[in-house]
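Here is a brief report on how two parts of one chain meet. Look at the model first, then read on.

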Amino acid sequence: MEIRPVDLADDALMAQLHGVSERALRLGRPDAPVWSLADFLGAMRSPDSGERSYLLAARLPGDPDRVVGWGVLYLFLLDNLEKAYLEVQVDPAHARRGVGTALVGELERLAVEEGRTLLLTDTKLPADEQESHGYRRFLERLGYSFSNVEVVRHAPLPVPDADLDAWAAQAARKAGGYEVRTLVNEVPPELAASLGELMGLLAVDAPTGAVDFEAETMTPERLDERLAASRAMGRDLYETVALAPDGTVAAQSTLSVPTDGTTTAWQWGTFVHREHRGRSLGLAVKTANLRAVQADHPELRRVTTQNAETNEWMIAINELMGFRPVEVSAEFLKHA
Ligand SMILES: CC(C)(COP(=O)(O)OP(=O)(O)OC[C@H]1O[C@@H](n2cnc3c(N)ncnc32)[C@H](O)[C@@H]1OP(=O)(O)O)[C@@H](O)C(=O)NCCC(=O)NCCS
(Lines give C-alpha, C1' and ligand atoms only; values in the text may rest on other atoms or scores of the structure.)
Protein backbone atom coordinates (compact mmCIF):
# COMPACT_ATOMS: atom_id res chain seq x y z
CA MET A 1 0.00 0.00 0.00
CA GLU A 2 1.19 3.50 -0.75
CA ILE A 3 0.46 6.34 1.65
CA ARG A 4 1.37 9.83 0.53
CA PRO A 5 0.69 13.45 1.60
CA VAL A 6 -2.14 15.14 -0.27
CA ASP A 7 -1.63 18.32 -2.28
CA LEU A 8 -4.54 20.46 -1.06
CA ALA A 9 -4.53 22.43 -4.32
CA ASP A 10 -5.16 19.30 -6.44
CA ASP A 11 -8.88 19.60 -7.23
CA ALA A 12 -9.26 16.13 -8.76
CA LEU A 13 -7.48 14.46 -5.85
CA MET A 14 -9.48 16.41 -3.26
CA ALA A 15 -12.70 15.40 -5.04
CA GLN A 16 -11.62 11.75 -4.75
CA LEU A 17 -11.05 12.16 -1.02
CA HIS A 18 -14.49 13.72 -0.67
CA GLY A 19 -16.06 10.82 -2.57
CA VAL A 20 -14.38 8.27 -0.28
CA SER A 21 -15.61 10.25 2.69
CA GLU A 22 -19.21 10.37 1.49
CA ARG A 23 -19.29 6.65 0.82
CA ALA A 24 -17.62 5.78 4.14
CA LEU A 25 -19.81 8.06 6.23
CA ARG A 26 -23.08 7.14 4.50
CA LEU A 27 -22.53 3.39 4.90
CA GLY A 28 -25.40 2.17 7.09
CA ARG A 29 -26.58 5.76 7.66
CA PRO A 30 -27.97 6.94 4.28
CA ASP A 31 -29.67 10.03 5.73
CA ALA A 32 -26.67 11.21 7.71
CA PRO A 33 -25.73 14.84 7.16
CA VAL A 34 -22.32 14.83 5.49
CA TRP A 35 -20.10 17.57 4.10
CA SER A 36 -20.65 18.70 0.52
CA LEU A 37 -17.58 19.01 -1.71
CA ALA A 38 -17.63 22.79 -1.08
CA ASP A 39 -17.72 22.16 2.69
CA PHE A 40 -14.81 19.75 2.41
CA LEU A 41 -12.64 22.01 0.24
CA GLY A 42 -13.45 25.11 2.29
CA ALA A 43 -12.68 23.41 5.59
CA MET A 44 -9.50 21.67 4.45
CA ARG A 45 -8.03 24.64 2.58
CA SER A 46 -8.76 27.39 5.10
CA PRO A 47 -5.87 28.25 7.40
CA ASP A 48 -6.32 28.24 11.19
CA SER A 49 -3.46 29.81 13.14
CA GLY A 50 -4.38 27.58 16.10
CA GLU A 51 -3.98 24.27 14.28
CA ARG A 52 -1.78 22.46 11.80
CA SER A 53 -2.86 19.39 9.88
CA TYR A 54 -1.45 16.53 7.83
CA LEU A 55 -3.58 15.00 5.12
CA LEU A 56 -2.63 11.56 3.75
CA ALA A 57 -4.11 9.43 0.97
CA ALA A 58 -3.79 5.66 0.55
CA ARG A 59 -3.60 3.84 -2.78
CA LEU A 60 -3.28 0.13 -3.52
CA PRO A 61 -0.47 -1.30 -5.65
CA GLY A 62 -1.52 -1.70 -9.26
CA ASP A 63 -4.07 1.13 -9.11
CA PRO A 64 -1.98 4.27 -8.54
CA ASP A 65 -4.72 6.71 -9.57
CA ARG A 66 -7.44 5.58 -7.19
CA VAL A 67 -7.58 6.77 -3.58
CA VAL A 68 -9.02 4.00 -1.37
CA GLY A 69 -8.76 5.78 1.96
CA TRP A 70 -7.46 8.93 3.55
CA GLY A 71 -6.69 10.32 6.95
CA VAL A 72 -6.11 13.63 8.66
CA LEU A 73 -4.13 14.56 11.75
CA TYR A 74 -4.78 17.84 13.57
CA LEU A 75 -2.19 19.34 15.91
CA PHE A 76 -3.30 22.10 18.26
CA LEU A 77 -0.64 24.83 18.29
CA LEU A 78 -1.65 27.27 21.03
CA ASP A 79 -2.90 24.94 23.80
CA ASN A 80 -3.44 21.23 24.48
CA LEU A 81 0.03 20.66 23.05
CA GLU A 82 0.26 17.02 24.14
CA LYS A 83 -2.82 16.11 22.10
CA ALA A 84 -3.45 15.21 18.46
CA TYR A 85 -6.77 14.42 16.83
CA LEU A 86 -6.92 11.97 13.95
CA GLU A 87 -9.57 10.69 11.60
CA VAL A 88 -9.45 7.96 8.95
CA GLN A 89 -12.00 7.05 6.29
CA VAL A 90 -11.81 4.07 3.96
CA ASP A 91 -13.88 3.47 0.84
CA PRO A 92 -16.34 0.67 1.75
CA ALA A 93 -15.41 -1.03 -1.55
CA HIS A 94 -11.89 -1.47 -0.14
CA ALA A 95 -12.71 -2.25 3.49
CA ARG A 96 -11.02 -4.96 5.56
CA ARG A 97 -7.78 -4.91 3.58
CA GLY A 98 -5.68 -3.10 6.16
CA VAL A 99 -6.03 0.37 4.62
CA GLY A 100 -7.46 1.92 7.81
CA THR A 101 -4.83 0.27 9.99
CA ALA A 102 -2.01 1.52 7.74
CA LEU A 103 -3.38 5.09 7.69
CA VAL A 104 -3.81 5.23 11.47
CA GLY A 105 -0.26 3.88 11.87
CA GLU A 106 1.19 6.59 9.65
CA LEU A 107 -0.78 9.37 11.36
CA GLU A 108 0.35 8.07 14.77
CA ARG A 109 3.96 8.08 13.58
CA LEU A 110 3.62 11.74 12.54
CA ALA A 111 1.92 12.65 15.83
CA VAL A 112 4.71 11.07 17.87
CA GLU A 113 7.33 12.74 15.69
CA GLU A 114 5.61 16.04 16.55
CA GLY A 115 5.93 15.24 20.25
CA ARG A 116 2.27 14.41 20.87
CA THR A 117 1.48 11.83 23.54
CA LEU A 118 -2.32 11.71 23.62
CA LEU A 119 -4.15 10.63 20.45
CA LEU A 120 -7.88 11.31 20.09
CA THR A 121 -10.46 10.16 17.58
CA ASP A 122 -14.18 9.50 17.26
CA THR A 123 -16.70 7.64 15.13
CA LYS A 124 -20.47 7.68 14.65
CA LEU A 125 -22.27 4.47 15.70
CA PRO A 126 -25.85 3.24 16.11
CA ALA A 127 -26.75 3.69 19.81
CA ASP A 128 -27.59 0.01 20.27
CA GLU A 129 -24.26 -1.11 18.79
CA GLN A 130 -21.89 1.23 20.59
CA GLU A 131 -20.23 -1.62 22.50
CA SER A 132 -19.95 -4.05 19.61
CA HIS A 133 -19.74 -2.13 16.33
CA GLY A 134 -16.92 -2.96 13.90
CA TYR A 135 -15.53 0.61 13.93
CA ARG A 136 -15.12 0.36 17.71
CA ARG A 137 -13.45 -3.04 17.32
CA PHE A 138 -11.17 -1.49 14.68
CA LEU A 139 -10.04 1.23 17.10
CA GLU A 140 -9.74 -1.07 20.12
CA ARG A 141 -7.58 -3.47 18.12
CA LEU A 142 -5.25 -0.51 17.43
CA GLY A 143 -4.94 0.22 21.17
CA TYR A 144 -7.59 2.93 21.54
CA SER A 145 -9.92 2.93 24.52
CA PHE A 146 -13.38 4.41 24.82
CA SER A 147 -13.28 7.86 26.47
CA ASN A 148 -16.69 9.49 26.07
CA VAL A 149 -19.95 9.30 24.19
CA GLU A 150 -21.95 12.15 22.70
CA VAL A 151 -25.54 11.62 21.58
CA VAL A 152 -26.35 13.00 18.13
CA ARG A 153 -29.80 14.58 17.94
CA HIS A 154 -31.77 16.01 15.03
CA ALA A 155 -34.73 18.40 15.18
CA PRO A 156 -37.21 19.00 12.33
CA LEU A 157 -37.45 22.49 10.84
CA PRO A 158 -39.18 24.84 10.54
CA VAL A 159 -40.24 25.25 14.16
CA PRO A 160 -43.63 27.02 14.43
CA ASP A 161 -43.38 30.68 15.46
CA ALA A 162 -45.64 29.95 18.44
CA ASP A 163 -43.01 27.54 19.83
CA LEU A 164 -40.21 30.07 19.31
CA ASP A 165 -42.37 32.68 21.09
CA ALA A 166 -43.06 30.30 23.99
CA TRP A 167 -39.37 29.40 24.45
CA ALA A 168 -38.34 33.06 24.22
CA ALA A 169 -40.97 33.97 26.84
CA GLN A 170 -39.80 31.12 29.08
CA ALA A 171 -36.18 32.31 28.79
CA ALA A 172 -37.11 35.97 29.33
CA ARG A 173 -38.52 35.19 32.78
CA LYS A 174 -34.93 34.68 34.03
CA ALA A 175 -32.74 36.22 31.34
CA GLY A 176 -33.71 39.86 31.96
CA GLY A 177 -30.81 42.34 32.03
CA TYR A 178 -28.96 40.69 29.15
CA GLU A 179 -29.02 41.94 25.56
CA VAL A 180 -29.46 39.13 23.04
CA ARG A 181 -27.84 39.95 19.69
CA THR A 182 -27.53 37.85 16.52
CA LEU A 183 -24.39 38.26 14.41
CA VAL A 184 -24.47 36.93 10.84
CA ASN A 185 -21.04 36.26 9.29
CA GLU A 186 -19.39 38.83 11.55
CA VAL A 187 -17.84 39.35 14.95
CA PRO A 188 -17.64 43.04 15.81
CA PRO A 189 -14.17 43.97 17.14
CA GLU A 190 -15.55 45.05 20.51
CA LEU A 191 -16.93 41.53 21.13
CA ALA A 192 -14.01 39.48 19.79
CA ALA A 193 -11.98 39.24 23.01
CA SER A 194 -14.80 38.15 25.31
CA LEU A 195 -16.46 35.91 22.70
CA GLY A 196 -13.11 34.19 22.08
CA GLU A 197 -12.50 33.74 25.79
CA LEU A 198 -15.95 32.22 26.28
CA MET A 199 -15.60 29.88 23.31
CA GLY A 200 -12.19 28.76 24.55
CA LEU A 201 -13.73 27.55 27.82
CA LEU A 202 -16.30 25.29 26.15
CA ALA A 203 -13.99 22.27 26.00
CA VAL A 204 -12.99 22.85 29.65
CA ASP A 205 -16.53 22.96 31.02
CA ALA A 206 -18.40 20.61 28.67
CA PRO A 207 -18.26 16.97 29.83
CA THR A 208 -15.53 15.22 27.81
CA GLY A 209 -15.24 11.91 29.66
CA ALA A 210 -11.73 10.59 30.25
CA VAL A 211 -9.98 13.48 28.44
CA ASP A 212 -9.27 16.82 30.12
CA PHE A 213 -8.90 19.82 27.84
CA GLU A 214 -7.07 23.04 28.60
CA ALA A 215 -8.81 26.26 27.60
CA GLU A 216 -8.58 26.76 23.85
CA THR A 217 -6.88 29.99 22.77
CA MET A 218 -9.46 31.65 20.50
CA THR A 219 -7.71 34.82 19.38
CA PRO A 220 -9.56 37.51 17.38
CA GLU A 221 -7.42 36.32 14.45
CA ARG A 222 -8.80 32.78 14.83
CA LEU A 223 -12.37 34.11 15.00
CA ASP A 224 -11.74 35.90 11.68
CA GLU A 225 -10.25 32.70 10.24
CA ARG A 226 -13.33 30.79 11.41
CA LEU A 227 -15.55 33.24 9.51
CA ALA A 228 -13.33 32.96 6.44
CA ALA A 229 -13.50 29.14 6.59
CA SER A 230 -17.29 29.32 6.85
CA ARG A 231 -17.41 31.60 3.78
CA ALA A 232 -15.10 29.24 1.91
CA MET A 233 -17.46 26.36 2.78
CA GLY A 234 -20.31 28.38 1.27
CA ARG A 235 -22.07 28.62 4.62
CA ASP A 236 -23.63 31.40 6.66
CA LEU A 237 -22.54 31.53 10.29
CA TYR A 238 -25.18 32.69 12.77
CA GLU A 239 -23.78 33.56 16.16
CA THR A 240 -26.25 34.69 18.79
CA VAL A 241 -24.72 36.15 21.94
CA ALA A 242 -26.14 37.33 25.26
CA LEU A 243 -24.34 40.41 26.50
CA ALA A 244 -24.02 41.06 30.24
CA PRO A 245 -24.71 44.62 31.46
CA ASP A 246 -20.94 45.33 31.31
CA GLY A 247 -20.94 44.46 27.56
CA THR A 248 -19.06 41.16 27.85
CA VAL A 249 -20.35 38.01 26.14
CA ALA A 250 -22.07 35.83 28.76
CA ALA A 251 -23.47 33.18 26.40
CA GLN A 252 -23.21 32.15 22.76
CA SER A 253 -24.73 29.70 20.30
CA THR A 254 -23.66 29.03 16.71
CA LEU A 255 -25.53 27.61 13.73
CA SER A 256 -23.68 26.88 10.50
CA VAL A 257 -26.06 27.06 7.54
CA PRO A 258 -25.41 25.85 3.98
CA THR A 259 -26.33 28.26 1.19
CA ASP A 260 -26.40 25.69 -1.63
CA GLY A 261 -30.05 24.77 -1.15
CA THR A 262 -29.36 21.70 1.01
CA THR A 263 -31.63 21.49 4.00
CA THR A 264 -29.61 20.59 7.11
CA ALA A 265 -28.26 23.27 9.47
CA TRP A 266 -25.44 22.34 11.82
CA GLN A 267 -25.54 23.38 15.47
CA TRP A 268 -22.02 24.07 16.66
CA GLY A 269 -21.28 25.21 20.21
CA THR A 270 -23.70 26.62 22.75
CA PHE A 271 -22.11 27.85 25.91
CA VAL A 272 -23.03 29.92 28.96
CA HIS A 273 -20.20 31.37 31.05
CA ARG A 274 -19.85 29.87 34.55
CA GLU A 275 -20.76 33.18 36.18
CA HIS A 276 -23.98 33.54 34.21
CA ARG A 277 -25.59 30.09 34.48
CA GLY A 278 -29.09 29.42 35.81
CA ARG A 279 -30.64 32.36 33.96
CA SER A 280 -32.00 30.52 30.90
CA LEU A 281 -29.38 32.18 28.69
CA GLY A 282 -28.78 28.93 26.81
CA LEU A 283 -32.44 28.73 25.79
CA ALA A 284 -32.48 32.48 25.05
CA VAL A 285 -29.54 32.39 22.62
CA LYS A 286 -30.56 29.12 20.96
CA THR A 287 -34.11 30.35 20.37
CA ALA A 288 -33.02 33.72 18.97
CA ASN A 289 -30.43 32.06 16.74
CA LEU A 290 -32.93 29.57 15.33
CA ARG A 291 -35.49 32.34 14.75
CA ALA A 292 -32.95 34.34 12.71
CA VAL A 293 -31.84 31.30 10.71
CA GLN A 294 -35.40 30.22 9.92
CA ALA A 295 -36.38 33.71 8.79
CA ASP A 296 -33.47 33.81 6.31
CA HIS A 297 -33.51 30.13 5.28
CA PRO A 298 -37.07 28.78 4.96
CA GLU A 299 -35.70 25.87 2.89
CA LEU A 300 -34.12 24.20 5.96
CA ARG A 301 -35.74 20.96 7.11
CA ARG A 302 -33.59 19.84 10.03
CA VAL A 303 -30.83 20.81 12.40
CA THR A 304 -28.20 18.42 13.79
CA THR A 305 -26.39 18.67 17.11
CA GLN A 306 -24.46 16.47 19.54
CA ASN A 307 -23.75 16.58 23.27
CA ALA A 308 -22.21 14.42 25.96
CA GLU A 309 -24.92 12.22 27.41
CA THR A 310 -23.99 13.52 30.86
CA ASN A 311 -24.68 17.12 29.81
CA GLU A 312 -28.19 17.13 31.25
CA TRP A 313 -28.67 20.91 31.08
CA MET A 314 -27.94 21.15 27.38
CA ILE A 315 -29.96 18.04 26.63
CA ALA A 316 -32.99 19.40 28.52
CA ILE A 317 -32.91 22.51 26.30
CA ASN A 318 -32.48 20.41 23.17
CA GLU A 319 -35.33 18.04 24.03
CA LEU A 320 -37.58 21.05 24.70
CA MET A 321 -36.62 22.37 21.26
CA GLY A 322 -37.62 19.13 19.53
CA PHE A 323 -34.25 17.39 19.18
CA ARG A 324 -34.43 13.59 19.27
CA PRO A 325 -31.55 11.03 19.39
CA VAL A 326 -30.49 9.39 16.13
CA GLU A 327 -27.05 7.85 16.84
CA VAL A 328 -24.00 8.35 19.01
CA SER A 329 -20.56 9.81 18.46
CA ALA A 330 -18.16 7.53 20.37
CA GLU A 331 -14.83 9.09 21.38
CA PHE A 332 -11.57 7.22 21.92
CA LEU A 333 -8.08 7.92 23.25
CA LYS A 334 -4.67 6.30 23.09
CA HIS A 335 -1.50 7.20 24.94
CA ALA A 336 1.34 7.23 22.44
C1 LIG B 1 -13.16 2.09 10.53
C2 LIG B 1 -12.49 2.10 9.15
C3 LIG B 1 -11.46 3.25 9.10
C4 LIG B 1 -11.77 0.73 8.98
O5 LIG B 1 -11.02 0.75 7.77
P6 LIG B 1 -10.52 -0.65 7.11
O7 LIG B 1 -9.49 -0.32 6.12
O8 LIG B 1 -11.71 -1.43 6.66
O9 LIG B 1 -9.87 -1.37 8.38
P10 LIG B 1 -8.77 -2.54 8.42
O11 LIG B 1 -8.86 -3.40 7.22
O12 LIG B 1 -7.43 -1.91 8.69
O13 LIG B 1 -9.30 -3.34 9.70
C14 LIG B 1 -8.46 -3.86 10.69
C15 LIG B 1 -9.29 -4.66 11.70
O16 LIG B 1 -10.27 -3.82 12.34
C17 LIG B 1 -11.48 -4.58 12.54
N18 LIG B 1 -12.55 -4.03 11.71
C19 LIG B 1 -12.48 -3.03 10.81
N20 LIG B 1 -13.68 -2.80 10.26
C21 LIG B 1 -14.54 -3.64 10.81
C22 LIG B 1 -15.94 -3.90 10.65
N23 LIG B 1 -16.69 -3.17 9.83
N24 LIG B 1 -16.50 -4.88 11.40
C25 LIG B 1 -15.76 -5.62 12.25
N26 LIG B 1 -14.42 -5.42 12.44
C27 LIG B 1 -13.82 -4.45 11.74
C28 LIG B 1 -11.15 -6.01 12.12
O29 LIG B 1 -10.62 -6.66 13.26
C30 LIG B 1 -10.10 -5.77 11.07
O31 LIG B 1 -9.28 -6.90 10.87
P32 LIG B 1 -9.81 -8.14 9.95
O33 LIG B 1 -10.40 -7.56 8.69
O34 LIG B 1 -8.57 -8.93 9.68
O35 LIG B 1 -10.81 -8.86 10.79
C36 LIG B 1 -13.53 2.26 8.01
O37 LIG B 1 -14.55 1.29 8.17
C38 LIG B 1 -14.19 3.62 7.96
O39 LIG B 1 -13.77 4.46 7.17
N40 LIG B 1 -15.23 3.89 8.78
C41 LIG B 1 -15.89 5.20 8.83
C42 LIG B 1 -15.02 6.23 9.53
C43 LIG B 1 -14.56 5.77 10.92
O44 LIG B 1 -15.34 5.33 11.73
N45 LIG B 1 -13.25 5.88 11.19
C46 LIG B 1 -12.71 5.41 12.49
C47 LIG B 1 -12.28 6.53 13.35
S48 LIG B 1 -10.77 7.23 12.84
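Into which domains is the chain divided? Domain 1 covers 2–116 and domain 2 covers 154–329; the bounds come from an automatic or database domain assignment.

This is a predicted model, in which local features need pLDDT of at least 70, side-chain atom pairs count only at pLDDT 80 or more, and totals for chains, interfaces and linings use all residues. Residues are numbered from 1 along each chain as its sequence is written, and side-chain values use heavy atoms, leaving out hydrogens and water.

| Item | Value |
|---|---|
| Separation of domain centres, over C-alpha atoms | 28 Å |
| Buried area between domain 1 and domain 2 | about 1600 Å² |
| R235–D39 salt bridge, N to O | 2.9 Å |

Buried area is the accessible area (1.4 Å probe) that two parts lose on being put together, summed over both. Carbon and sulfur atoms carry 47% of it. On the domain 1 side, P33, D79 and N80 lose the most area to domain 2. Together they make up 29% of what that side buries.

Contact means heavy atoms within 4.5 Å. By that rule, 21 residues of domain 1 touch 22 residues of domain 2.

Three salt bridges cross the interface (a side-chain nitrogen of Lys or Arg within 4 Å of a carboxyl oxygen of Asp or Glu). The side chains of R235 and D39 also meet in a salt bridge. Helix α2 (residues 37–45; a DSSP run of H or I, at least four residues) gives the most to the domain 1 side, with four residues.

Definitions and conventions. Helix = DSSP H or I, 4+ residues; strand = E, 2+ residues; numbered from the N terminus.
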